[in-house]
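Hello,

Here is the structure I promised you. Please have a look, then read my notes below.

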Amino acid sequence: MQEGYSMQDYAIRVEDLTKIYKLYDRPKDRLLESLGLSRGKTLSRDHYALNNISFDVKRGETVGIIGTNGSGKSTILKIITGVLNPSGGKVTVDGRISALLELGAGFNMEYTGIENIYLNGTMIGFSREEVDAKLADILEFADIGDFVYQPVKTYSSGMFVRLAFAVAINIDPEILIVDEALSVGDVFFQSKCYRKFEDFKEMGKTIIFVSHDLSSIRKYCDRVILLNKGDKLAEGDPKDMVDLYKKLLVNQLDLDSLGSGKADEKQKKAVQPKEAEPADAWTPAFPVNPQINEYGDKRAEIIGFNILDEEGKSSNTLEKGRKCTIRMKVKFNEKVNDPIYAFTITDLKGTDITGTNSLFERVNVKSKNPGETQEIAFTQNMDMQGGEYMLSLGCTGYDGVDFVVHHRLYEACNLTIVSTKNTVGFYDTNSEVTLLNE
């Protein structure tokens, strides 16, 4: 418990929480062990989904939980809401919880939207009359029209999350728990949800928010908890935790300095990124797409690439408004006249968002002979909106009047842009607003 606070100041207290799953190499080993036919041998091994996790959530706080896949984020939420039982430790909750752990959890697919509203209200503890009083607000927030009278199994994923969120957020909970549920709705629905978050905070409600959307984590959370493989690495200011998470993603965080996850706050604040070991500048510190689509005549070949943040560190997680550099190295297997070097950024559906090449930028590129290499750096301010994108690279040119592709790496890696302020569309115009009559 933090100094200066009493038990009454906390909505949730998590103390030494542990969750262990037994893993088996073969399905029949589980059966043999359960029937006592393993001849005294232990056929399972323990997997710690959570390992002695402790933290407090004060009333009125919005707390984010971030971490890589398999770090235990969703497991914590399921234990807090009573969906799972812990293997050890204790959770104390003071307040009525409404949770969005996964789309449609608790919904009957055969029931209509209206029937599911009443079903969920009853499960939470409301009478029919109390649900009646909230129905108009739920329907207005969901905004799915007459589909509310159709079976839920006919809904799109977007309609599903709109109704589920509308029910969860309009039943007057004291604690709201959200696990990635906002990643489906359109930008306008997400904006409405976040406005509701702000209303909740002003009303003194408590929110726990799990998301891979680092922009939302930084913008809306008062405090963030960073997990990794079932251990709590650190907690604190959202910007600091997102910075640590970015270093964790590219293996530049010194995990040994964090001990067993029980270090006190002073120790956690002292965590520093480990010094990056000297490495090939053309080997990214982040994952490359294992199913990269490459093609071309290979007269020239992209033999390395990287993305550097403003500090010159290899990272595919960049902050909006900061300078970044996209680099690639090209080896020439044959003579190529006037090669063109290019990069393109697309959305996750493959739609071109932006990009450029040495021809557009009017760079004087010389012809190259076999065995020569060329290193290229595209440096720019990253003014794209926060979100997830894909980066493609290419070396092209002209053979007479014919356009040719020498080598293209399509969707070479993903690109995450972290932003605390998004505007309309894909790019921020960075407008300066002046109120002229004041």
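**What I found**

K298 has a relative accessibility of 33% and therefore counts as partly exposed. The scale is simple: buried is under 20% relative accessible area, exposed is over 50%, and partly exposed lies in between (1.4 Å probe, protein chains only). K298 forms a salt bridge with E294, with 3.9 Å between the closest N and O atoms. E294 is partly exposed too, at 42%.

Before the rest, a note on the source. This is a predicted model, in which local features need pLDDT of at least 70 and side-chain atom pairs count only at pLDDT 80 or more, while totals for chains, interfaces and linings use all residues. Residues are numbered from 1 along each chain as its sequence is written, and side-chain values use heavy atoms, with hydrogens and water left out.

**Overall**

The protein chain has 9 helices and 18 strands. Both are DSSP runs numbered from the N terminus: helices are H or I with at least four residues, strands are E with at least two. Of the 438 residues in the protein chain, 45% are buried. Take the contacts (heavy atoms within 4.5 Å) between residues at least 6 apart in sequence: 71% of them join residues at least 24 apart. The accessible surface of the protein chain is about 23100 Å², and carbon and sulfur atoms account for 48% of it. Areas come from the Shrake-Rupley method with a 1.4 Å probe; for residues, only the protein chains shown count as cover.

How many disulfides are there? With a disulfide taken as two cysteine sulfur atoms within 2.5 Å, the count is 0. As for cysteines, C395 is buried, because its relative accessibility is 0%. C413 is buried as well, at 1%.

Strands pair if DSSP finds at least two bridges between them.

Strand 3 (62-67) and strand 7 (206-210) run parallel and pair over 4 bridges. V63 stands opposite I208 of strand 7.

**Salt bridges**

The count is 19, with a salt bridge defined as a side-chain nitrogen of Lys or Arg within 4 Å of a carboxyl oxygen of Asp or Glu. One of them joins K246 and E319, at 3.9 Å from N to O. This pair links distant parts of the chain: K246 sits in helix 8 and E319 in strand 12 (317-319), 73 residues apart. Are K246 and E319 buried or exposed? Both are buried.

K421 pairs with D428, the closest N and O atoms being 3.0 Å apart. K421 is partly exposed at 43%, whereas D428 is buried at 7%. Elsewhere, salt bridges with shared partners join K58, E61, R223, K232 and E235 into one network.

Strand 13 (323-332) pairs with strand 16 over 9 bridges in the antiparallel sense. M328 stands opposite I376 of strand 16.

**Helix 2**

Why is helix 2 (73-80) largely enclosed by the rest of the structure? Because 6 of its 8 residues are buried. These are K73, T75, I76, L77, I79 and I80. G82 follows helix 2 and has a positive phi, near 85°.

Best regards
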